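Thank you all for coming; I would like to take a few minutes to walk through one structure. Please have a look at it first, and then we will start from the place where the chains meet.

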Amino acid sequence: MGKLKGVSILLGWMLLASPALASYVCATDDLGEEICLEHPAKRIAALSPGATELAWAAGAGDQVVAVVAYSDYPPAAREVASVGSHTRMDMERLLELQPDLVIGWVTGNPTEQLVSLKNMGVPVFSIEPRSFEAVSNTIERISILAGTEAEGFAEAERFRQGIADLQEAYAKADPVPVFYQVWDEPLMTVNSQHLIGEMIELCGGDNVFGQLDRLVPRISAEAVIAANPEAILAGGMGEENRHWLTRWQAFPSITATERNNLFFIPPSLVQRPTPRMLEGTQLFCEKLEVARGRRP
Amino acid sequence: MIRPITLPLAVLAVAGLIAMVMSVGIGSVAIAPADVLLVFLGEGSNLHRTLIFELRLPRTLSAFATGGLLAVAGALMQVLLRNPLADPYVLGLSGGAAVGALLAMLAGLGGAVISGSAFAGAMLATLMVFGLAHGTGSWTPSRLLLTGVVVAAGWGAVITLMLAISPARELPGMLYWLMGDVSYARAPWPGLGVLVLVCALVVPLGRSLNVLARGPMQAAALGISVRPLEWLIYILASLLTATAVTMAGSIGFVGLVVPHMLRLVLGNDQRLILPACALAGGTLLVLADTLARVVIAPEQLPVGVITALLGVPTFLYLLYRSR
Amino acid sequence: MSGNKRPPMQALSTRELVIDIPGRADGYPLDLTIKSGQVWGVLGPNGAGKTTLLHTLAGLRAPRAGALFLNDVPTTKLKRRALSQQLGLVFQDRQDGFPATVLETALIGRHPWLAPWQMEGADDLAMAERSLEALDVLHLKNRLVSTLSGGERQRVAIATLMTQSPHTWLLDEPTNHLDLHHQVAVMKLLTDRAAAGNAIFMCLHDLNLAARWCDHILLMYPNGETCWGPAERMLVPDALERLYNQQLATVEVDGAPFFVPKRV
């Protein structure tokens with residue numbers, strides 16, 4: 001009994017004697033691991049272009065010390081040191097920048113590299129936002145770890161509200177059969193599990209390939225003709241890949257071609273799970289409205 | 001067969017040591033040689049210690065082990081087939097091992113199972129290539145190479161299929177099987193252990209291998225039990241390849257280039273060539289990987305790119321010269 | 001090397017031996033004994049199975065029936081290494097896998113006598129050089145075998161067998177590619193080895209070399225029929241004409257018969 005008492009006194013003393021415990025910040029990542037930092041992160045490494053945008057959205061842009069290739073938004077991100085591509089990071093350069101928080105990408109970064117970072121004692125917060133709500137709460141969780149909750153929660157709420165407004169506006173819209181073209185060669189689309197699929201649904205679209213198993217299925221042109229979408233949206237920028245859409249003009253049997261419902265959506269607005277998706281979704285919904293307007 | 005053995009091996013060992021020192025000293029973060037020395041003396045900054053002990057040293061040792069394994073595997077297969085063009089990558093062993101490893105990964109298995117599965121894949125690939133190429137006749141170079149190339153292409157297709165149907169989360173980790181890369185290799189010791197063990201096993205067999213290199217009939221007439229010896233070499237070459245592939249994916253042409261260069265200089269006594277291959281193959285891959293790390297830093301190249309750029313011209317030259 | 005000391009009398013014998021040539025009837029089983037001091041010549045037309053017989057005697061091919069004995073011990077009971085210390089073979093065809101020098105090639109003859117981890121010593125080197133000297137190719141010792149002429153390679157192969165120094169020498173057409181002088185030199189070397197206690201058993205396509213140098217003859221007919229015995233009983237025109245399906249004229253030179261094909 002006396003022994004036990006001694007232990008509990010010791011424990012109590014330890015708790016009291018380590019004031020750092022009081023200021024711990026914790027968040028659970030998308031692998032289900034709880035990441036706790038003694039102090040809010042001051043040096044953040046964002047290992048995907050999306051993570052970089054989310055860090056900025058969370059108000060932690062100034063703390064970002066390392067990014068990967070193609071981290072082009074916001075423009076300030078281009079000034080940050082790059083540690084190579086997200087598929088193969090330069091671990092030396094990354095460690096040299098001494099990050100106290102790494103934001104990893106579950107399906108984008110090599111697991112081996114993330115694991116070895118963890119083994120070296122670098123906190124790794126792995127993210128994989130797959131829904132509008134996930135975008136908001138990822139921003140919130142990052143802001144907690146970065147100690148920028150005020151900004152982060154405000155931005156997350158702005159995004160949440162914006163999406164909710166759109167949802168309300170298009171809740172009763174007539175369904176439009178939509179084909180979303182991720183890439184041209186090979187021809188790729190998304191299923192309904194994908195964030196873009198969610199976007200289509202929100203705008204009152206009906207993803208003609210939503211039922212496919214793979215997140216980003218490869219399909220044939222014939223399948224598109226057979227599915228006969230009313231609108232085709234391509235994630236291209238219009239100028240350099242005009243042929244992505246002009247190829248469909250050869251098939252007037254597709255309703256989308258017949259009514260000229262062939263649209264471009266800037267991919268950076270829809271293909272990265274970031275607050276810019278709000279803008280992208282607005283654009284998406286507007287295009288579908290145009291398609292509805294062209295109905296005979 | 002009558003040349004001194006210790007001198008060339010000593011020279012190669014020193015070259016290997018120099019390459020490793022260079023590899024540990026060079027990286028995308030500049031560390032002064034004096035600081036590197038300090039780290040090894042147990043001092044130096046925390047960052048430097050992490051960079052050297054956690055990143056550079058394991059990677060350098062892994063590269064050395066992988067290169068040595070592949071070069072010895074290549075040399076053994078060349079003796080077995082009496083054909084200097086034999087190589088685990090060209091003959092599709094690496095592909096088979098990669099498929100085995102990927103299958104285990106897809107099934108959600110880890111660690112030793114992946115290695116065992118890679119070994120089974122390499123063995124299966126060996127049996128397929130040798131069995132099909134042998135047919136009823138003997139191993140003619142063209143028949144063997146064609147069989148190997150076709151089987152390797154088949155493995156490539158299977159790998160692509162498996163990548164296409166695997167969950168996205170596994171993809172970045174799986175992709176490196178396609179183009180060998182030592183950047184994820186963390187545990188060099190099993191590979192080095194297999195390398196040392198196999199060398200210790202085959203060097204006493206060296207003279208038998210010399211005789212076997214003159215053809216199975218001649219070897220049998222000189223008192224060699226040809227079938228068991230051939231089987232032993234099959235198995236060892238598969239083991240070496242599988243170990244290398246589980247460490248670093250399929251890296252091509254090391255098994256081709258290294259034994260060829262060494263035979264030009266050192267002759268063809270397997271008692272010398274095999275340990276020399278271990279040392280020179282290791283050295284080559286350490287140098288190639290150092291290059292891969294720094295040539296377009298911070299972007300990282302897989303080391304397989306460098307070895308292929310070296311190996312393809314060598315292979316074509318050999319093929320051209322062999323008429 | 002201790003391995004070179006051998007009992008004075010030794011014999012390789014066959015019992016009811018039928019060599020395995022696919023698609024051919026069994027023919028006449030062989031019951032012959034090749035003893036120390038004998039020089040055997042195997043004669044027969046192309047395709048009679050001379051090479052197959054040599055490979056079977058060397059234990060490289062399984063016979064269809066019958067057994068082989070080395071000093072009354074079945075060769076199947078012997079380890080391959082032990083067998084190759086007693087029995088050596090010069091092949092008719094040789095393949096160059098990897099480049100090797102003449103000396104290296106001769107030295108592989110020491111393989112059966114060395115333990116796995118053992119390197120070739122000065123004794124082995126001396127033996128190889130003596131053999132190369134005996135075959136008049138020592139001056140080529142540092143050349144690559146692939147750069148030699150056919151006759152030079154043939155002599156290197158015989159020197160390799162001499163370095164192996166088995167008791168029984170099996171040779172497949174040992175005079176192939178050789179010029180006249182070297183043919184004689186090689187036949188003399190072989191008969192000298194027999195006189196020193198070895199047993200020599202060789203396939204020959206030159207009837208007259210056999211008549212000149214061999215004391216025992218084995219005739220092999222294409223249909224599998226065989227007959228054997230002392231040379232003077234075998235080398236009679238009737239048997240030889242039937243063997244080669246060729247009319248022969250016989251003259252006598254230096255006390256030995258000399259056979260010349262008749263003009264048709």
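This is a predicted model: local features need pLDDT of at least 70, side-chain atom pairs count only at pLDDT 80 or more; totals for chains, interfaces and linings use all residues.

How many residues of chain B are in contact with residues of chain A? There are 20 on the chain B side, and they meet 24 residues of chain A, where contact means that the C-beta atoms of two residues, placed from the backbone, lie within 7 Å.

Residues are numbered from 1 along each chain as its sequence is written, and chains are lettered from A and ligands numbered from 1 in the order in which they are written.

Along its principal axes, the C-alpha trace of chain B spans about 65 × 55 × 35 Å. Of the 323 residues in chain B, 54% are buried, that is, they have 20 or more other C-beta atoms, placed from the backbone, within 10 Å of their own. Among the contacts in chain B with a separation of 6 or more, 77% join residues 24 or more positions apart.

Finally, back to the side of chain B that touches chain A, to which α3 (46-81) and α7 (171-174) of chain B each supply at least two residues, and α3(B) gives the most, with 5 residues.

Notes. Helices (H or I, at least four residues) and strands (E, at least two) are DSSP runs, numbered from the N terminus. A residue is buried if 20 or more other C-beta atoms lie within 10 Å of its own, exposed if 12 or fewer, and partly exposed in between; C-beta atoms are placed from the backbone.
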